[in-house]
Amino acid sequence: LRDFGVGFSLTERVIDRPGQIRNLEVVETPLGIEVRMWLEPGAGAGLSERRRLQAGPTGCGLCGIDSLAEVARPPRPVAAALSLTPAQVQDALRALSGEQALNALTRAVHAAGYWSPQAGLVASREDVGRHNALDKLAGALALAGAVPPGAVVLTSRVSVEMVQKTAAVGAPILIAVSAPTALAVRTAEAAGITLVGVARDD
C-alpha cells in the first residue's frame with residue numbers, strides 16, 4: 001500500500017518525486033485501509049488540476065476525472081532507448097507469470113512488472129485493479145531508486161491511462177497480453193513508447 005500511495009501520486013502528477021512526501025501512514029479503519037500522506041510545502045499543486053471524485057477505483061481508470069482535457073493530457077516523453085527481440089518479450093512475460101502468487105490463488109487479479117534485459121524482472125505488483133497494479137509498480141520503482149532501462153509488462157488491456165502511467169515510470173516499452181485502444185496507441189506514439197499488444201505464447 002505504501003508503493004500504491006507513492007506510485008499513484010507520481011503517475012497522477014500530484015508529486016514529481018517521492019522526496020516531496022514528508023510523511024506517509026497506512027491506517028486501518030473499520031471501513032477499510034487509508035493511505036495518508038503529508039506533502040512538502042508547495043507540492044501537490046497537480047492535485048486540484050487532476051481531481052478525482054472517487055477513491056480507489058478498479059474500473060476504467062478515468063472514473064471521476066472531471067475534464068476531458070485531463071483525460072487527453074500530453075504524456076511525458078520517454079527519453080530512454082531500448083529494443084527487445086521477440087524472445088526477450090517472451091522472457092519478460094514468463095518472468096511476470098512466475099511472480100503472480102495472488103493470481104495463482106484467486107485467478108482474479110492483474111499484475112504489472114518491470115523487466116530489464118540486464119536485470120530480468122526488477123519488480124512486480126498485483127491488484128484487482130490493473131491501474132492499481134501499475135501504480136504499485138511505479139511506487140516500488142521510485143522508492144528503489146535508479147533502475148536500468150526496461151519494459152513495463154501488463155496482464156491487462158492497454159487503455160490511455162496505462163500508457164500515461166508507463167510514461168511517468170519512464171519505460172520506453174510497454175508489453176501487454178491484451179489489446180490497446182486506438183487512443184492508447186496514439187498516446188504511446190506521442191510519448192515515444194514502443195507498444196507491444198496481444199503478447200502471447202504464440
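Let's start at Asp-16. Asp-16 is exposed, with a relative accessible area of 54%. Keep in mind that this is a predicted model. The side chain of Asp-16 meets that of Arg-76 in a salt bridge, at 3.8 Å from N to O. Where do the two residues sit? Asp-16 is in the loop between helix H1 and strand S1, and Arg-76 is in the loop between helix H3 (68–71) and helix H4 (86–97). Arg-76 is partly exposed, at 28% relative accessible area.

How many salt bridges does the structure hold? Nine. I'll take two more of them.

The next one joins Lys-165 and Glu-12, with 2.9 Å from N to O. This pair also links distant parts of the chain. Lys-165 belongs to helix H7, residues 160–169. Glu-12 is in the loop between H1 (2–11) and S1 (21–29). The two are 153 residues apart. Buried or exposed? Lys-165 is buried, with a relative accessible area of 3%. Glu-12 is buried as well, at 2%. Both values are under 20%, so both residues count as buried.

Now a pair within one helix. Asp-91 and Arg-94 form a salt bridge at 2.8 Å, N to O. Both residues are in helix H4, three residues apart, so about one helical turn separates them. Asp-91 is partly exposed, with a relative accessible area of 35%. There is also a network to point out. Salt bridges with shared partners join Glu-12, Asp-135 and Lys-165.

A quick reminder about sheets. Strands pair through backbone hydrogen bonds, either parallel or antiparallel.

Take S3 and S4. They pair in the antiparallel sense, over seven bridges. Together they form a hairpin, with three residues between the strands. Within that pairing, Ala-112 has Arg-125 in S4 as its bridge partner.

S3 also pairs with S5. That pairing is antiparallel too, over four bridges. Here Tyr-114 stands opposite Val-152 in S5.

How much of S3 is buried? Six of its seven residues are, so S3 is largely enclosed by the rest of the structure.

Next, strand S6, residues 173–176. S6 pairs with S7 in the parallel sense, over three bridges. In this pairing Leu-174 stands opposite Leu-195 in S7.

Lys-165 and Glu-12 link parts 153 residues apart. Asp-91 and Arg-94 are three residues apart within H4.

Terms used. Residues are numbered from 1 along each chain as its sequence is written. This is a predicted model: local features need pLDDT of at least 70, side-chain atom pairs count only at pLDDT 80 or more; totals for chains, interfaces and linings use all residues. Side-chain values use heavy atoms; hydrogens and water are left out. Two strands pair if DSSP finds at least two bridges between them. A salt bridge is a side-chain nitrogen of Lys or Arg within 4 Å of a carboxyl oxygen of Asp or Glu. Buried means under 20% relative accessible area, exposed over 50%, partly exposed in between (1.4 Å probe, protein chains only).
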